[in-house]
Amino acid sequence: MRKPDGKIVLLGDMNVGKTSLLQRYMERRFPDTVSTVGGAFYLKQWRSFNISIWDTAGREQFHGLGSMYCRGAAAVILTYDVNHPQSLLELEDRFLGLTETANNDCLFAIVGNKVDLAMDRAMEIREKREASGKLGSCVSSKVPRQVQLEDAMALYKKILKHKMLDEREMPAAEQMCFETSAKTGYNVDLLFETLFDLVVPMIARQRAEEPSQIVDITSCKTPKRTKSGCCT
Ligand SMILES: Nc1nc2c(ncn2[C@@H]2O[C@H](COP(=O)(O)OP(=O)(O)OP(=O)(O)O)[C@@H](O)[C@H]2O)c(=O)[nH]1
Ligand SMILES: [Mg+2]
């Protein structure tokens with residue numbers, strides 16, 4: 001197996017849908033999942049590069065492993081559930097600290113998953129009207145949205161400040177904050193492929209800066225032989 005050229009890590013509280021997002025993207029399906037133990041990765045070939053995408057466990061008992069998985073990461077996907085505000089708060093309180101081991105120029109994406117369960121604003125207004133008897137009743141299985149995309153964008157800006165990254169040199173919050181549904185597939189390809197497209201030039205740049213491993217043998221002098229037959 002070829003060594004991965006770059007690494008992307010999914011972090012976030014248990015049950016937010018990290019495993020489901022990765023499986024939706026890699027396997028194009030939404031299977032039943034069990035809570036992740038430790039971590040696991042998929043390899044994705046993007047252009048001529050091999051990118052490993054790491055799924056981690058959100059459960060508190062595996063928290064200590066998080067910074068190990070983030071070591072050398074080119075991008076981190078901080079995942080929350082749009083229906084659970086606490087899962088967004090946890091990203092800042094519990095998971096951001098794990099990213100200290102990532103690359104200095106590590107990119108951050110913030111992803112609100114399970115949008116399929118949340119009502120959009122128009123639906124919310126309609127439901128309220130129905131509840132107050134102004135319209136015919138139609139019961140929805142969806143719940144009012146708990147976390148707005150603006151909350152995630154505010155966190156993104158806070159992270160850049162915390163990491164002392166120049167906002168003008170980093171991708172904009174609008175580009176790096178996503179709302180997804182692993183269940184329907186909504187925005188899942190967009191999330192991963194936006195990151196691949198951003199990470200690949202970084203990997204290529206790093207490769208170019210690395211000292212060349214190729215030795216130019218034509219520039220090596222042929223050793224002179226002495227009378228005794230030894231080389232000088
Ligand atoms: N409706 C809905 N359910 C989802 C979505 N994504 C995940 N789920 C469900 O949420 C539950 C948890 O999903 P996982 O992908 O296992 O969550 P996780 O973040 O990997 O959890 P840990 O491995 O414990 O950290 C499962 O029952 C999934 O089927 C989604 O987009 N919409
Ligand atoms: Mg999981």
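## The magnesium site

Thr19 and Thr36 are both buried, where buried means under 20% relative accessible area, exposed over 50%, and partly exposed in between (1.4 Å probe, protein chains only). This is a predicted model, in which local features need pLDDT of at least 70 and side-chain atom pairs count only at pLDDT 80 or more, while totals for chains, interfaces and linings use all residues. Residues are numbered from 1 along each chain as its sequence is written, chains are lettered from A and ligands numbered from 1 in the order in which they are written, and side-chain values use heavy atoms, with hydrogens and water left out.

What do these two threonines hold? Through their OG1 atoms, Thr19 and Thr36 coordinate the magnesium ion (ligand 2) at 2.0 Å. Thr19 sits in helix α1 (residues 18–27) and Thr36 in the loop between α1 and β2, so this pair, 17 residues apart, links distant parts of the chain. Donors here are N, O and S atoms within 2.8 Å of the metal (3.2 Å for Na, K and Ca); water is not among the atoms, so the site may look incomplete.

## Around ligand 1

Ligand 1 has 21 residues around it, the closest being Lys18, Ser20, Thr33, Ser35 and Asp116; a residue counts if one of its heavy atoms lies within 4 Å. Thr33 brings a side-chain N or O atom to 2.7 Å from an oxygen of the ligand. Thr36 turns up again here, with a backbone N or O atom 2.7 Å from a ligand oxygen, and Lys183 has a backbone N or O atom at 3.3 Å from one. On its own, ligand 1 exposes 660 Å², and the protein buries 87% of that (Shrake-Rupley method, 1.4 Å probe).

## Salt bridges

The whole structure has 11 salt bridges, each a side-chain nitrogen of Lys or Arg within 4 Å of a carboxyl oxygen of Asp or Glu. One of them joins Arg207 to Asp5, with the closest N and O atoms 2.8 Å apart. Because Arg207 lies in helix α7 (residues 188–209) and Asp5 in the segment before β1 (6–12), the pair ties together parts 202 residues apart in sequence.

Another pairs Asp166 with Arg168 at 3.0 Å between the closest N and O atoms. Asp166 is partly exposed at 28% relative accessibility, whereas Arg168 is exposed at 76%. Elsewhere, Asp13, Glu60, Glu90 and Arg94 are joined into one network by salt bridges that share partners.

Conventions:
Helix = DSSP H or I, 4+ residues; strand = E, 2+ residues; numbered from the N terminus. Polar contact = N/O pair within 3.5 Å; in protein donor to acceptor, adjacent residues only side chain to side chain.
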